[in-house]
Amino acid sequence: SFINIPVGSSAAEISAILKNAELIDSSYAFEIYIRNEGYADRLRAGDYEIESNLNYDAIVNILLIGPPLKTFELTTTEGLWLSETIESIAVQTGYDYSSLVNTLTSGSVQSKYLTDESLKEITNWEGLLFPDTYKFSVDADGAEIFQTMVDQLEFVINNIKKSENIPSWLQSEYELLIIASLIETEAKLDEDRPLVASVIRNRLELGMPLQLDSTILYALGERRTKVLLKDLQVDSVYNTYKYNNLPPTPISSFGKASIDGIFQNLDTKFIYYLLTDKNGDMTFTESYEEFINLKNKAKNEGVIP
């Protein structure tokens, strides 16, 4: 039976509610029972669904614990741009997209990776909301949702740092986030993520531009499978064909596998990689000539456009 116990209900009123729902045989006997056992002032108000034919002890136990919290699950996936993550949250919660943006930049959400001033810029929040499935109470607001996602990112990284040192080729922990986002957008399979990290490392150490198509698409704000030659001229600090070094912020959300890929700290000579199979497999090489041959083969086989 579904029952509601209003706030402030007396022992007699609770007993009457249970009797009317045919959950107990005698309201008087139940009232005497809870008074004698010292439960009269400890039963909690709220909405309940209670099975029939339970004894007094079982019913009291349910009412002592209180009604189940009304919750919902919220899921965001790896590789989304911040705008896409916020849009997903808006769809799942019913909150307005613009209001969520305002909440994120209002100062009510904090991240150790941002200063008080930098947290007011929406672009600085890119990559700081960890993708996962979360459970929230139905009255959770945008600030609680965002802070939980920010805290989860820091929790994941801190857990890894308990047993692993941040690789010495990184200049800061924030660079870890940037590179993890690059790996997330470049690699399809988890086994390739440490190798992509090694290519990024090698290019940085050689002073080569990263030349990652995912950064071009991020700069353009367009989701598509092919980057055109004219796209490489986009005037953006995220254009890793025009500017050496890392982009100024992450370019997407990323999962733990991409973070782990950096911490594996593989020592390779690879400078190039290419998708060479439709199942997501990539081939890595230090030879530009081999890279071009692989690229032509992949195009002929329809693996890449």
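Which residues lie nearest the centre of the largest pocket? In this predicted model, local features are described only where pLDDT is at least 70 and side-chain atom pairs count only at pLDDT 80 or more, while totals for chains, interfaces and linings use all residues. Residues are numbered from 1 along each chain as its sequence is written, and side-chain values rest on heavy atoms, with hydrogens and water left out.

The residues nearest the centre of the largest pocket are E186, D213, S214, T225 and V227, which belong to a lining of 42 residues. A pocket is here an open set of points on a 1 Å grid over the protein atoms alone, with protein on both sides within 12 Å along at least five of seven lines, whereas a cavity is a set of points where a 1.4 Å probe fits but cannot get out; lining residues have an atom within 4 Å of a point. The volume of the largest pocket is about 1,500 Å³, a volume being the space filled by probe spheres set on the points, with grid points joined across faces, edges and corners. Two or more residues of this lining come from each of helix 7 (173–186), helix 8 (193–206), helix 9 (213–220), strand 5 (272–275) and helix 11 (288–300), where helices (H or I, at least four residues) and strands (E, at least two) are DSSP runs numbered from the N terminus. Helix 11 gives the most, with five residues. By class, the lining of the largest pocket comprises 25 nonpolar, six polar and 11 charged residues, with Ala, Val, Leu, Ile, Met, Phe, Trp, Tyr, Cys and Pro counted as nonpolar, Asp, Glu, Lys and Arg as charged, and the others, Gly among them, as polar.

The structure also holds one cavity of 30 Å³ or more, and the volume of the largest cavity is about 40 Å³. Its lining consists of W169, P194, A197, S198, R201, G261, I262, N265 and L266; helix 8 and helix 10 are the elements that give two or more residues to it, and helix 8 gives the most, with four. Five nonpolar, three polar and one charged residues make up the lining of this cavity.

Helix 4 (residues 82–93) has 12 residues and reaches 16 Å from its first C-alpha to its last, close to the 16 Å expected at 1.5 Å a residue, the expected span being 1.5 Å times one less than the number of residues. Within helix 4, L82, T85, I86, I89 and A90 are buried, that is, under 20% relative accessible area, with exposed meaning over 50% and partly exposed in between (1.4 Å probe, protein chains only). Seen down the helix axis, these buried residues fall within an arc of 140°, so they line one face of helix 4; the arc is that of the directions from the helix axis to the C-beta atoms. Their cover includes strand 3 (71–75), helix 5 (97–104) and helix 6 (142–161). Just after helix 4, G94 takes a positive phi of about 85°.

Positive phi values are also found at residues other than glycine. Q211, in the loop between helix 8 and helix 9, has a phi of about 50° and is partly exposed, with a relative accessible area of 36%. N245, in the loop between helix 9 and helix 10 (256–263), has a positive phi of about 70° although it is not a glycine.

Conventions
Contact means heavy atoms within 4.5 Å.
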